[in-house]
Amino acid sequence: MALLEIENIHTYYGHIHALKGVSLDVDKGEIVTLIGANGAGKSTMLKTTSGLLRPRQGSIHLEGEDLTCYRPHQIVAKGVVQVPEGRRIFGRLTVRENLEMGAFAIPDAGLIQSNLERVYNLFPRLRERQKQVGGTLSGGEQQMLATGRALMANPSVLLMDEPSMGLAPVLVDIIFDTIRQLHADGTTILLVEQNARMALQVASRGYVLQSGTVVLSDSAENLRRNEMVRQAYLGES
Amino acid sequence: MRQALKVGLIGGIVAVLLSLIGMVEAFSQRDIIARVISMGHTLLVIVALFMGYLAAKRTPGKGSLRVLANSFISGLIVGGLVSLLVIVGSLINLRKVFVNAMPVLYELLTFKQGTQIGVFLLLGAGALSGALAGLFFLSPKLLRRVLLISLGSIVSVGVLQDLLRPTFALWGPLAIINEWLFTANGLTIRGAIGLFIMITAASLFWSTKGETIQTGFRNLPTAPQRILKITGILALVFILLILPQVLGLFLSEVFTIVGLYVLLGLGLNIVVGYAGLLDLGYVAFFAIGSYTIAILTSPELGFFSLTFWEALPFVIVMGVISGVLLGTPVLKMRGDYLAIATLGFGEIIRILVLSDFLRPWLGGAQGIGKIPKASILGYEFAGPQQIYYLILAGCLLVIFISLRLRDSRLGRAWMAVREDEDVAQAMGINLVATKLLAFATGAGFSALSGAIFASKLGSVYPHSFNVMISINIVCVIIVGGMGSIPGVIVGAIALVGLPELLREFAEYRLFVYGAALVAMMLLRPEGLWPEAVHRREFHEEKENQAESESPLKLKSG
């Protein structure tokens, strides 16, 4: 049984049918990527998983427990944590305060401290800047902070929404390096990306989303070779 | 040169405006220094000085002659525009449009010397003020600070003379100060000079030695430092306790009004400052608190006849319930929409208590009277001097709760919601509970304030609860500094206390209020006493060290 099992999810924005029966699953310790064009429903899928949107149909199981009846803050406590699109760090709080806010769902002070150490070890840059105000960090540092903040909640599944968005190519490389490192540490990641090339390099499996339905699902390697994926998402002919 | 012209023109227009709306004339009835300078003239001089300073500051380059020339010119232009007003006024009757453009005004503006000589005097006074401001700009920092403090205090003492005089008179030995310092209208010349020298000396001492004292204090071992701190707090408490006895009836009344606004402000501070939910209908909870205590205690209605203390728990509970009731429908609203919806809620409550339909229960337009005073063991909180203690106790309690809440888990949840609602939710914060608790806590504080207000007045009327109160409280918080507890107190003193003290200029109260708000937003947008997080936003550059390093370095980091 997979860690996260998403089955036949239908999500609506008012009358707009955004997700038309998406099913996917993520095994423990693996990176699964969801690729697709703008408006395909990638972010909608993540928001539905984290409870910010309610599906009209379908189920989302984490270790066998249905999440669709829970509210967002309860889902975070269950261990499904999202790194929001566009980073959305608390611009007026310091780096440290941002990280502490991420551990809001954790009652144990000792665990918070050890999580903080873990994040600082993963991103030494954040330790250097722990007293700096979040809004003054560079884009790459902000992405590190947003990721670190999510890690503070001890996620069993990390949902990452477009971590490479708006970053310089050099920084994109760094962000994907840290994703690899997280993977090596055993973190389970569901990664939504427009940058399909990078995403398929780090992921073990991938799903291709088109207008709210999964049109293709395979191992990352096969997807990289797939003719349709190469033309539409990797820009090769 | 262009800057000097621009600044001068703005200053001139301000000065003419102040004259035409009658402010100069009204203020001239009071002398700052007896028979030397009146408040009206002070007002104009301050405009000229400020513009001269601004012109000096905006002068490009460093040449002190140029700075002086610019401030001189801008002062001259201020004087020139006022002269123009005098000349035009002497030729044409402006009173058809500006009712205040009376001969008295021109006499004041020309120093009673007639139009021709007066105009020259005016030009000279303007230019002199401008040049003085330029000199002030060029003088060393220490001198500037000391001068500003001592001149400012003389003006303040002059403005507040009607309060200080009777207060000193209450105390036998202090009465001598009155004779030395004040005449029937304005300071004596010797008093002003003496005061100037004293304050200059004091501020000089503090400016030069203050830092040594402060570091000396910090270098003390913890034990004596704590003793000193505790002594300070005890002294403050002692002062707060004897204040109404020292200050007399009128000032105590002012303090009770300020105190009620502090209570209201602290409540709204939780909603707006902590949780970032802009609530413009906050007066509703004040009204609910007042009316609950009225219904429960007033024999006039005859439903219940509880005492103040018996009714108080119900008041708080009613406040909290109504906070939740308002909060529930607006949970999903943000920013402007929330503000408008809550504004509507405030009006609904006012209209409800005013309605004929509810008259048998709420008294309609006539309100509810005969609300008994609160009393403990036979000590009745009757007049302002007694109610002061009730309000003081309420404020201290609410400050304590606010401080504890700010540092609590809930306080952090509020902060996260204020900074970014969606992300707060993604951090595992229960948005619904967090927001409702903010509304409920704020409403509870406001209801407490309302209960004290009702028992202070002895009656409640619908018209006491109009939208201006909500707006006043929001202003108190903005001026004081969002989310800051000392800020609320400072804001309430500045926006509620000062206008109460300067009642005779009530006509210009709202005008000054608006001008102060605009000035605040331009000069100190974070508030008078800002809270740390907000201070950061406006002074980022100071804390922002090595910002733009090459991204390649990130990799090694």
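**Figure 1. A salt bridge from A:R88 to B:D422.** In this predicted model, the closest N and O atoms of A:R88 and B:D422 sit 2.7 Å apart. A salt bridge here is a side-chain nitrogen of Lys or Arg within 4 Å of a carboxyl oxygen of Asp or Glu. Between chain A and chain B the count comes to 3 salt bridges. Polar contacts turn up too: 6 residue pairs across this interface, both partners at pLDDT 80 or more. (For a polar contact, two N or O atoms lie within 3.5 Å; within protein, one must be able to donate a hydrogen and the other to accept it, and residues adjacent in sequence count only if both atoms are side-chain atoms.)

**Figure 2. The side of chain A that touches chain B.** Elements giving two or more residues to this side are α2 (72–78), α3 (95–102), α5 (124–128), α6 (139–151) and α7 (169–184) of chain A; helices are DSSP runs of H or I, at least four residues, numbered from the N terminus. By residue type, this side of chain A splits into 17 nonpolar, 6 polar and 10 charged. (Ala, Val, Leu, Ile, Met, Phe, Trp, Tyr, Cys and Pro count as nonpolar, Asp, Glu, Lys and Arg as charged, and the others, Gly among them, as polar.)

**Figure 3. Area buried between chain A and chain B.** Together the two chains bury about 3300 Å², with 58% of it on carbon and sulfur atoms. A:F90, A:R92 and A:F104 supply 25% of what chain A buries against chain B, more than any other three residues. Buried area is the accessible area (1.4 Å probe) that two parts lose on being put together, summed over both.

Figure 4. Over all chains, the structure holds 13 aromatic pairs. (Rings of Phe, Tyr and Trp, its six-membered ring, pair if their centres lie within 6.5 Å; planes over 60 degrees apart are edge-to-face, under 30 stacked, the rest tilted.) B:Y53 belongs to helix α3 (residues 39–57) of chain B and B:F137 to helix α6 (residues 114–138) of chain B, so the pair ties together parts 84 residues apart in sequence.

**Figure 5. A ring cluster in B:F286, B:Y291, B:F453 and B:F465.** Ring pairs link these four residues.

**Notes.** Residues are numbered from 1 along each chain as its sequence is written, and chains are lettered from A and ligands numbered from 1 in the order written. Local features need pLDDT of at least 70, side-chain atom pairs count only at pLDDT 80 or more, totals for chains, interfaces and linings use all residues, and side-chain values use heavy atoms, leaving out hydrogens and water.
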